[in-house]
Amino acid sequence: MTRRKFAALLMASTTSMPALLMSRTVPAAEPIPVTLYKNPSCTCCEGYAQYLGQNGFKVDVKPTNDLAEISRKAGVPEELEGCHTSFIGDYVVDGHVPVKTIRKLLDEKPAIAGITLPGMPSGSPGMFGEKTGPLTIYAVSRDGTPPRVFDVD
């Protein structure tokens, strides 16, 4: 059989070929929506939003001057507040939490209010500088029990 006849035969048979044998484009996973509240003048929060965007999240940035109140209402103790407050699914994610830890949270679905990385650690996602040590991310509860370590990155 010549190539031309084979190609013609192949073209004619593709209309009856099962869908499994047809080449298809697999759609990419839908981005995970995030609402991120930040101080209007904070640039590291913008860097963190970009970091999330580069890792499969669709970030809606909302500048506000009420970060402390937003964190408090979400259950984050004042001493564990991060630089900004995000809401992802049913959870609060406070501060520069690495994506690996956010994915762990979303996969495991623990019965907590969320997670927080206190302060603005150097070298954390979205922050300038070198990472000087492990990042300790805390779980905050819905029922007022004391925070506990959720992950170390």
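**Figure 1. His96 and the residues around it.** In this predicted model, and setting aside neighbours within four places in sequence, His96 is in contact with Cys44, Tyr48, Cys83, His84, Leu117, Gly119, Ser124, Pro125, Gly126 and Met127; contact here means heavy atoms within 4.5 Å. His96 sits in the loop between β4 and α4 (99-108). Helices (H or I, at least four residues) and strands (E, at least two) are DSSP runs, numbered from the N terminus. Is His96 buried or exposed? His96 counts as buried, because its relative accessibility is 0%; the cut-offs are under 20% relative accessible area for buried, over 50% for exposed, and partly exposed in between (1.4 Å probe, protein chains only). The His96 side chain also reaches the backbone oxygen of Pro125, at 2.6 Å. That makes a polar contact, a pair of N or O atoms within 3.5 Å; within protein, one must be able to donate a hydrogen and the other to accept it, and residues adjacent in sequence count only if both atoms are side-chain atoms.

A word on the model: it is predicted, so local features need pLDDT of at least 70 and side-chain atom pairs count only at pLDDT 80 or more, while totals for chains, interfaces and linings use all residues. Residues are numbered from 1 along each chain as its sequence is written, and side-chain values use heavy atoms, with hydrogens and water left out.

Figure 2. Strands β3 (residues 85-88) and β4 (residues 91-94) run antiparallel and are joined by 4 bridges. Ile88 stands opposite Tyr91 in β4.

**Figure 3. Ile102 and the largest nonpolar core.** Which members of this 24-residue core touch the most other members? They are Leu52, Val93, Val97, Ile102 and Ile115. A nonpolar core is a set of buried Ala, Val, Leu, Ile, Met, Phe, Trp, Tyr and Cys residues joined through side-chain atoms within 4.5 Å. Two or more residues come from each of β1, α2, β4, α4 and β6 (136-140), and α2 gives the most, with 4 residues. Not counting residues up to four places away in sequence, Ile102 touches Tyr48, Leu52, Phe57, Ile88, Val93, Val97 and Ile115. Apart from this core lies another, of 6 residues, among them Leu80, Val92, Ala113 and Val140.

**Figure 4. Gly53 in helix α2.** Gly53 belongs to helix α2 (residues 43-53). With a relative accessible area of 43%, Gly53 is partly exposed. Pro31 is 22 residues apart from Gly53 along the chain, and their C-alpha atoms are separated by 8.4 Å.

Note on methods:
Two strands pair if DSSP finds at least two bridges between them.
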